[in-house]
Amino acid sequence: MPQPIRDFIGATRIVDVHEHHIPEILLNREVNLLQLFQQSYAGWNQARPYPLPSEKRDRDPMLAAAGATTWEALAPFLENSGSNSFVRNLVRAVTELHGTGEPAITRKNWEALDAAVREQHQKADWCREVLRRAGVERLITDPYTDPLLDARNALGNPYNSVMRLNALACGWHPDSRDHNGNSAHALLQRLGWTPASFDEYLAALAKLVDGMAARHQVALKNALAYDRDVAFDQPDEKLARQAWSKTSPSPAERKAFSDFVVDWLCQLAGERDIPVQMHLGTAILRGSHPLKVAGLVERHPRTRFLLMHLAYPWSRDLLGMAFVYRNIWLDLTWSLLLSPSHFKLALHEAIEILPDESRMMIGGDNWHVEETYGTLKLARQLMGEVLEEKLAAGYFHPPDAQRLAAKVLRENAMAFFRLR
Ligand SMILES: [Zn+2]
């Protein structure tokens with residue numbers, strides 16, 4: 001009798017390709033129940049951490065002080081947003097890790113849960129223990145508060161990180177910043193570099209990419225969907241150069257500058273065999289459709305792109321692209337949290353249409369380990385359900401399903417990021 005696919009998935013350790021585990025949150029010993037909600041996707045129901053073009057924000061609401069937990073502060077998450085998938089996922093994880101078998105967070109049990117959260121987070125090994133229980137073997141984090149962070153150094157052994165390029169694409173002036181508040185010139189200055197011209201800036205970016213391995217950084221991360229649209233057109237070099245050193249370049253000059261920098265970084269990445277992760281879907285929504293990046297993908301056939309989140313809600317368009325362009329891989333993170341039922345439909349289609357079994361990877365995309373625990377448990381559950389359906393339909397025999405599950409959970413990421 002072959003092992004049931006759910007048991008096989010439960011026993012396979014995960015190489016998690018995307019988290020936002022950052023020292024400010026992960027190393028903080030003062031964590032309460034309210035923070036777990038505020039610093040999670042459940043928190044995004046209350047306040048998006050990125051402004052739309054029509055909005056301004058003073059600070060990142062996820063990094064603001066949460067205050068003490070009260071029922072009045074929890075109720076907006078649990079009752080007003082109680083139907084939302086992010087909330088369901090976090091409630092399951094918190095009650096399982098911190099509770100005594102209760103299925104919900106209520107007016108009666110929230111104080112005990114809050115006390116348990118605070119007590120566990122005082123322990124230096126709590127995060128590691130939760131990741132162990134989640135079956136995580138390796139982990140790649142996107143520490144957007146510091147794009148130069150050496151996560152291995154800061155957070156320990158299972159970690160690698162990606163280098164977020166948003167600030168670099170917005171670096172026309174020393175004062176210009178990306179939506180995370182990062183300045184390219186400040187980052188370069190930390191390394192002792194002060195480029196005085198656009199050409200010196202491009203040379204500094206090449207040195208920055210060359211320094212990634214020493215910082216345990218295994219990919220570039222393009223999250224510009226939160227700063228601008230993702231139509232990274234054929235760069236207009238003349239216009240890009242006009243943006244250099246201006247405090248307030250025109251919208252066309254800004255776009256040309258960041259188009260040019262993104263193109264340059266994708267070229268450098270291709271030459272050095274470094275992959276490029278890219279956020280697609282639900283960000284600045286009018287500009288985050290996956291087909292907008294087709295030109296960039298076509299111009300860089302040697303560059304390996306890991307396109308994220310099934311570009312929700314445009315997963316079918318993304319799958320079409322991943323069939324046509326053979327330099328595209330899919331990072332399934334977040335899509336399963338946004339909508340578990342859509343994820344199952346999309347995973348069925350992805351299994352059927354992708355040109356080979358190397359293409360899919362998975363992760364948590366979370367801030368606290370509790371949410372990561374819940375998300376990876378959900379990922380195992382949904383993948384198990386889809387593969388059971390594929391087995392029941394006779395699409396797969398058990399060895400096919402097991403081989404694919406091991407690749408999606410672990411082996412594809414090891415090979416794609418050249419992890420050892
Ligand atoms: Zn993310």
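Which side chain makes a polar contact with the side chain of Ser315? The partner is His342, and the two side chains meet at 2.7 Å. A polar contact here is a pair of N or O atoms within 3.5 Å; within protein, one must be able to donate a hydrogen and the other to accept it, and residues adjacent in sequence count only if both atoms are side-chain atoms.

Before going on, a word about what you're looking at. This is a predicted model, where local features need pLDDT of at least 70 and side-chain atom pairs count only at pLDDT 80 or more, while totals for chains, interfaces and linings use all residues. Residues are numbered from 1 along each chain as its sequence is written, and side-chain values use heavy atoms, with hydrogens and water left out.

Helices (H or I, at least four residues) and strands (E, at least two) are DSSP runs, numbered from the N terminus. Ser315 counts as buried because its relative accessibility is 5%. The labels work like this: buried means under 20% relative accessible area, exposed over 50%, and partly exposed in between, using a 1.4 Å probe and protein chains only. Setting aside residues up to four places away in sequence, Ser315 touches Leu310, His342 and Ala346. Contact means heavy atoms within 4.5 Å.

Lys344 sits in helix 18 (residues 340-353). With 18% relative accessibility, Lys344 counts as buried too. Its contacts, leaving out neighbours within four places in sequence, are Leu382, Glu385, Val386 and Glu389.

For a contrast, take Ala186 in helix 11 (residues 184-190). Its relative accessible area is 37%, so Ala186 is partly exposed.

Two strands pair if DSSP finds at least two bridges between them. Strands of a sheet pair through backbone hydrogen bonds, either parallel or antiparallel.

| Strands | Bridges | Opposite residues |
|---|---|---|
| strand 1 (residues 14-19) and strand 2 (residues 136-141) | 4 | Glu19 and Thr141 |
| strand 3 (residues 159-164) and strand 4 | 4 | Met163 and Leu220 |
| strand 4 and strand 5 (residues 276-278) | 3 | Leu220 and Val276 |
| strand 6 (residues 305-308) and strand 7 (residues 328-331) | 4 | Phe305 and Ile328 |

Leu220 turns up in two rows: it stands opposite Met163 and also opposite Val276. Its strand, strand 4 (residues 217-222), has 6 of its 6 residues buried, so it is largely enclosed by the rest of the structure. Strand 1 is mostly covered as well, with 6 of its 6 residues buried.

**The zinc ion**

What holds the zinc ion? His18 (NE2), His20 (NE2) and Asp365 (OD) coordinate it at 2.1 Å. Donors are N, O and S atoms within 2.8 Å of the metal (3.2 Å for Na, K and Ca); water is not among the atoms, so sites may look incomplete. Along the chain, the donors follow the spacing H-x1-H-x344-D. His18 and His20 are both buried.

**Rings and charges**

The model has 19 aromatic pairs. Rings of Phe, Tyr and Trp (its six-membered ring) pair if their centres lie within 6.5 Å; planes under 30 degrees apart count as stacked, over 60 as edge-to-face and the rest as tilted. Take Trp44 and Trp367: their ring centres are 6.2 Å apart and their planes make 50°, so the pair is tilted. This pair links distant parts of the chain, 323 residues apart: Trp44 is in helix 4 (41-44), while Trp367 is in the loop between strand 8 (360-361) and helix 19 (369-392). Both residues, Trp44 and Trp367, are buried. They also belong to one aromatic cluster, together with Tyr41, Tyr50, Phe86, Tyr226 and Trp334.

Some rings have a charge over them, which requires NZ of Lys or CZ of Arg within 6 Å of the ring centre and within 35 degrees of the ring normal. The charged end of Arg326 sits over the ring of Phe323, 5.4 Å from its centre. Lys390 lies over the face of Tyr395, at 4.8 Å from the ring centre.
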